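Biologist: Please show me the model. I have a few questions about it.
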Amino acid sequence: MKKLLTVSLVLALAPTLALAGDKEAIEAYQEAAKHWKDPDPSQAIAFGEKALEQAESKKIRVNVMFLLGSLHQAKTGDFEKALGYYDQIIRANIGVSDNTLKSLKAQSFLGKGTILYSERDDVDNALAAYQAAHRTYPSAQSADTLAQLCFRIGRDQERGRAARMKQLEYSEKLSREALHHDGEDRNKIKNEARTAKYQLQLAICLKALEKDDEAQALWGELKQDALDDNALYQLAVWQAINGEEAGVVAATLRKCIDPAVRPKARARNQLRKFIR
């Protein structure tokens, strides 16, 4: 459920944010970004820490802290350090109005929420973090991430029906928001796979709310051949709630955690939690 702000996007922002004294910090940051895909993250971490020591302007510092938080979350598995960087960003940007800082603050809330949910099994605080992300800087990503968690809460049979329906209705609302924001984004960058995934999530919510006709109509409308590996989990859920044979659903779920699809063991383990 987590999609971190891409290093390339943060990197693209960095040169425009600099004060005169930030030149060395930006150079170190760029080196850290170059090492993002290294199997061993030590070089990326070292350059990131160097950039943080040298950074003077707030925007550069926040960019670097977000990179370091992302590295520890996705690469080293040191979730305490990742949370530390995310919390620093959140605290340093209370009441911020600048859109770049608001976006990075929202991304930090999303990263924090994912750690709380997938590593701490703390559903309530994860939900609060995702809600804070969406309030801070509403986007297709924040709406979709929150919608997915609300859907899972809404399917929790240990909760009362009224509480579950409330979460499912909220999930539907958020799924529609994700598509709205995605429509705005597509005016800039077209991404059919992402749009189809958001449509599928909405169809799932509609089906769970027993709005069968609308759910099936949306399923027929979306570009099914555009669904990629990032939508495999949603596809398995769709198959399951539509009564597909268990073997078909299981095959889709196995593909979700296939090392060819998700090379990192940590990513596969996080997804196993959602599947359970």
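Biologist: Is Gln148 buried or exposed, and what is its relative accessible area?

Modeller: This is a predicted model, in which local features need pLDDT of at least 70, side-chain atom pairs count only at pLDDT 80 or more, and totals for chains, interfaces and linings use all residues. Residues are numbered from 1 along each chain as its sequence is written, and side-chain values use heavy atoms, with hydrogens and water left out. Buried means under 20% relative accessible area, exposed over 50%, partly exposed in between (1.4 Å probe, protein chains only). Gln148 is buried, and its relative accessible area is 5%.

Biologist: Which side chain does Gln148 join in a polar contact?

Modeller: Gln148 lies in helix H8, residues 140-154; helices are DSSP runs of H or I with at least four residues, strands are E runs of at least two, and both are numbered from the N terminus. A polar contact is a pair of N or O atoms within 3.5 Å; within protein, one must be able to donate a hydrogen and the other to accept it, and residues adjacent in sequence count only if both atoms are side-chain atoms. At 2.9 Å, the partner side chain is that of Asp144.

Biologist: Where do the buried residues of H5 fall, seen down its axis?

Modeller: In H5, the buried residues are Phe79, Ala82, Leu83, Tyr85, Tyr86, Ile89 and Ile90. Their arc, taken from the directions from the helix axis to the C-beta atoms, is within 160°, so these residues line one face of the helix.
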